[in-house]
Amino acid sequence: MKHIFDFRKIALFVFGLVLFTGCDEKLDEININPFGIEPSEANPNLLMPTVLASAAQSYVNMGYNDLAGAVQHTQKNGWYSGHNFYDWGSRSWAGWYDILRTNELMIRRGEDLENNFFQGMGLTMKSFVFGNITDLWGDAPYTDALKGDQGGEQFQYPKFDSQEVIYDGIISDLQQAVQLLGSASPNGVNAGNDLYYNGDVGNWRRFANSLLLRYYMRLSEKKPDVARAGVEAIYSSGIYIQDPSQDATLDYTGGASDEWLSRHVRLDPDGFQRYQACQTFIDQLTGTMDPRLTVWFDSVRVQWVPDESLTTATEDFIRANGEPLSVVTYPYDDFVELYSDVKFTRRFNPNMADYNTDLYVGLPPAITVPESYNGNPSPGQGTQNQHVSQLAPIYSTAGAPGDILKARIISAAEVSFIFAEAALKGWNVGDAETHYNKGIEQSLDTWGRGGTYADFISQPEIAFSNSLEQILTQKWVASWTAAAESFADYRRTGFPALEAGPLSPQPEVALRFQYGSDEYNNNPDNITSALDRLEITPFSGNFGADSQWSKPWLYQGTNVPF
């Protein structure tokens, strides 16, 4: 038996030797993936959808998740510490840099093909993605980033550039993009793969200039002369997003990774039902009779009705059109589909209990037990609170391409509010009131409420009062599902005047994301210099420099928002 084993060992050795020597000169051929494509031969048309879809979906994901909680558009009633309390922990930016790597290849291929469209579009998307990175984290790898294929420690472990350098680079790249797109042709571009503009070069140029406006306004306090000159030049050119039809948006795709599909109640009922309106936002919308309220939020399913004749604090049952029913938690689908014409109420004695009796009710920011708020009869992680508003029915259906469930990157309304703020500063961009009114009208049009504009703008609370707070409050309202921009405005100006909430474990709204653990583990020398450039505030707490409440360069030397 031993000889048999020896023979097998010898045979295996000889076979391996023959295989190695026979293939020695063809190893390169074996290592080529027959199904792969050399980067130097990549078709930029095939790279474009990945860049555009990933960037837009990442942006809208922030816009209805934790940043929506930070700017108090929404709160959550389950798994809520990050959303309601800024318990963000370390945040990886790997997904954003993945987008940038694909985008960088698209730019290179545009250069190889001498195609100005792909170069200009790529520089626009590069600016958008790096803009989000530096907006949210501060200093980050920039000038040495995306060069790992060049080898060398400098590019394998890139330095963190200052936030100032990154913003300057973004502006430079966007200026170049505008120039390239000015002479670009749609020839060679597969319009169907351009998920934003279907190959419309003119709209891409408007998009690039509109992003320039966004970042000029970021720098309006730090570099006012640069910002003013840039904003005035773009306004004079007329090349910017002027109508909601020109907004940079990604339609609902229906794909497995689509952000709206992932919230669809039939696929993820617990996830959907965790999202509730924030009372801060509800107060703004109801206080001004905002017609967008019913587009974004649903009314409470069971409305409290005061009744001083009750001998107990609350009834143990709800009423359907006045008739008593046992207190049960109705599934959301049943409420929407089976009981759409039923008015559910529940009575309480206001001398013995205190509940919000409005038809639209939000969770107060950062309350400690949100799942029990306002007398919820069945509190629990992810269960429906019958007495608090959640997202409107349009967010619980699967959606369809072309409907209002879009990932909106930048809009005509945002541009108008930027010009309104610039005019208020005395910059030569027209009349502040005209731009303010236009921004409101454009947002109403976007959400299917354009016909209400005349009545809405005539209200004393809405009519222009020459106030920066008023402009930025309406910009905050219009940024629904694009909360990253409201978050930037709040940190830059202190408006809208958000408060962390009386029961919040943190005294102020957070300012930034903490760096991810990958940077500490893999690039420790370079992250140290970035931490040294952060300004520790009285609210930074035990986190030290890398705190949600430390200030990056853009907010240093200011007293806003604190």
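**Questions on a predicted model**

Reader: Is Trp96 buried or exposed?

Author: In this predicted model, Trp96 has a relative accessibility of 7%. The cut-off for a buried residue is under 20%. Trp96 therefore counts as buried.

Reader: In which helix is Trp96 found, and what separates its C-alpha atom from that of Tyr59?

Author: Trp96 belongs to helix α6, which covers residues 94–112. Along the chain, Trp96 and Tyr59 are 37 residues apart. The separation of their C-alpha atoms is 9.8 Å.

Reader: What length does helix α3 reach from its first C-alpha to its last?

Author: Helix α3 is made up of residues 44–64, 21 residues in number. At 1.5 Å a residue, the expected value is 30 Å. The value computed for α3 is close to that, at 31 Å.

Reader: Which residue caps the N-terminal end of α3, and how many of the residues of α3 are buried?

Author: The cap of α3 comes from Asn43, with a side-chain oxygen 2.9 Å from the backbone nitrogen of Asn45. As for burial, α3 is mostly covered. Of its 21 residues, the number buried is 15.

Reader: How are α3 and α7 oriented, roughly parallel or roughly antiparallel?

Author: The axes of α3 and helix α7 (residues 116–136) come within 11 Å of each other and cross at roughly 25 degrees. Angles under 35 degrees count as roughly parallel. The crossing is left-handed. Because of the angle, α3 and α7 are roughly parallel.

Reader: Are α20 and α21 roughly parallel or roughly antiparallel to each other?

Author: Helix α20 spans residues 468–478 and helix α21 spans residues 483–493; their axes come within 9 Å and cross at roughly 155 degrees. This crossing, too, is left-handed. Since angles over 145 degrees count as roughly antiparallel, α20 and α21 are roughly antiparallel.

Reader: What distance should the 18 residues of helix α10 span, and which residue caps its N-terminal end?

Author: Helix α10 runs over residues 201–218, and at 1.5 Å a residue it should span 26 Å, which agrees with the 26 Å between its end C-alpha atoms. At the N-terminal end, a side-chain oxygen lies 3.0 Å from the backbone nitrogen of Gly202, and the capping residue is Asp200.

Reader: Which are the edge strands of the four-stranded open sheet?

Author: The sheet has mixed pairing and the order β7-β10-β8-β9. An edge strand pairs on one side only, and this applies to β7 (303–306) and β9 (323–326). From one strand to the next, the twist averages 45 degrees. The edge strands are thus β7 and β9.

Reader: In which sense does β10 pair with β7, and in which sense with β8?

Author: Strand β10 consists of residues 344–348 and is joined to β7 by four bridges in the parallel sense; among the partners are Val305 with Arg347 and Pro306 with Phe348. Strand β8 (residues 317–320) has two bridges to β10, and Arg319 stands opposite Thr345. The pairing of β10 is parallel with β7 and antiparallel with β8.

Reader: Why is β10 described as largely enclosed by the rest of the structure?

Author: The description rests on burial, for which the cut-off is under 20% relative accessible area. Strand β10 is largely enclosed because, of its five residues, the number buried is four.

Note on methods
Residues numbered from 1 in each chain as written. Predicted model: local features only at pLDDT ≥ 70, side-chain atom pairs only at ≥ 80, totals over all residues. Heavy atoms only, no water. Pairing = 2+ DSSP bridges. Axes fitted to C-alpha atoms, helices over the stretch in contact; angles between N-to-C directions. Buried < 20%, exposed > 50% of the residue type's maximum accessible area, 1.4 Å probe, protein only. Expected span 1.5 Å × (residues − 1). Polar contact = N/O pair within 3.5 Å; in protein donor to acceptor, adjacent residues only side chain to side chain. Parallel < 35°, antiparallel > 145°, perpendicular 65-115°, else oblique. Left-handed = near helix turned anticlockwise from the far one by under 90°.
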